[in-house]
Amino acid sequence: GESVGLHLPTLSVQEGDNSIINCAYSNSASDYFIWYKQESGKGPQFIIDIRSNMDKRQGQRVTVLLNKTVKHLSLQIAATQPGDSAVYFCAEEVYGQNFVFGPGTRLSVLP
Amino acid sequence: DTGVSQNPRHKITKRGQNVTFRCDPISEHNRLYWYRQTLGQGPEFLTYFQNEAQLEKSRLLSDRFSAERPKGSFSTLEIQRTEQGDSAMYLCASSSGTYLAKNIQYFGAGTRLSVL
């Protein structure tokens with residue numbers, strides 16, 4: 001069945017360093033992926049997305065990389081700031097309808 | 001505020017009681033989703049609507065759960081005869097996407113249910 005998971009459940013980085021959050025997915029037919037950020041007490045917030053016809057997409061301070069060969073996604077955050085502390089989820093669109101979310105990675109930014 | 005709105009934010013109930021949550025999506029969005037999230041886990045899909053039609057329900061959704069979207073606008077999620085295992089955050093999301101367009105889901109802040 002479809003599933004999305006993460007390699008690292010927690011990640012601590014120094015303020016100003018770059019962060020890399022990884023995600024594995026299992027459905028090779030999935031063609032759309034989203035990274036969400038969730039802060040305590042809030043719903044998930046859209047960060048960046050990517051379609052399977054791309055292998056890289058950049059936003060403001062964030063980059064998503066997609067490796068379809070090994071079914072792997074990563075989210076790179078440049079110059080990590082305290083406000084980036086949150087749980088990050090990758091989500092895989094299933095049959096163009098709903099999404100399967102991974103369990104999340106907690107990012108802690110150290111001063 | 002034109003985002004997804006959920007009410008109530010918190011609900012405490014006794015086991016066996018019925019509860020109902022409401023979601024108001026972004027006004028121009030035709031798709032509405034319900035998810036359940038437990039501590040330390042990602043959101044888990046429950047069901048979704050395209051306008052007023054409920055198109056898919058998770059196999060995990062027991063008969064005690066029912067959702068409606070009568071006019072294709074707001075939606076309600078009802079849980080009958082609540083159990084302690086129903087304690088979770090219930091998230092609603094909406095999107096305007098189709099298969100050919102981006103299906104970016106925008107989430108509300110959720111309703112946290114505690115069953116005592």
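Two rings of Phe, Tyr or Trp count as an aromatic pair if their centres lie within 6.5 Å, and planes over 60 degrees apart make the pair edge-to-face. In this predicted model, a search of the whole structure gives 13 aromatic pairs over all chains.

One of them is formed by Phe89(A) and Phe101(A), and the pair is edge-to-face. Phe89(A) belongs to strand β9 (residues 86-94) of chain A and Phe101(A) to strand β10 (residues 98-101) of chain A, so the pair links parts of the chain that are 12 residues apart. Phe101(A) also pairs edge-to-face with Phe107(B). This second pair joins two chains, because Phe101(A) is in strand β10 of chain A and Phe107(B) is in strand β10 (residues 106-107) of chain B.

| Pair | Centre to centre | Angle between planes |
|---|---|---|
| Phe89(A) and Phe101(A) | 6.3 Å | 80 degrees |
| Phe101(A) and Phe107(B) | 5.9 Å | 80 degrees |

Phe89(A) is buried, at 2% relative accessibility. Phe101(A) is buried at 9%, and Phe107(B) is buried at 11%.

The contact between the chains takes 23 residues from chain B and 22 residues from chain A. The area buried between them is about 1,700 Å², with 49% given by carbon and sulfur atoms. Across this interface there are 0 salt bridges and 3 residue pairs in polar contact. On the side of chain B that touches chain A, β4 (31-37) and β5 (44-50) are the elements that give two or more residues. The largest share, 4 residues, comes from β4(B). The residues of this side divide into 12 nonpolar, 7 polar and 4 charged.

How values were computed:
Residues numbered from 1 in each chain as written. Chains lettered and ligands numbered in written order. Predicted model: local features only at pLDDT ≥ 70, side-chain atom pairs only at ≥ 80, totals over all residues. Heavy atoms only, no water. Contact = heavy atoms within 4.5 Å. Buried area = accessible area lost by both parts, 1.4 Å probe. Salt bridge = Lys/Arg side-chain N within 4 Å of Asp/Glu carboxyl O. Polar contact = N/O pair within 3.5 Å; in protein donor to acceptor, adjacent residues only side chain to side chain. Nonpolar A, V, L, I, M, F, W, Y, C, P; charged D, E, K, R; others polar. Phe/Tyr/Trp six-rings, centres within 6.5 Å; stacked < 30°, edge-to-face > 60°. Buried < 20%, exposed > 50% of the residue type's maximum accessible area, 1.4 Å probe, protein only.
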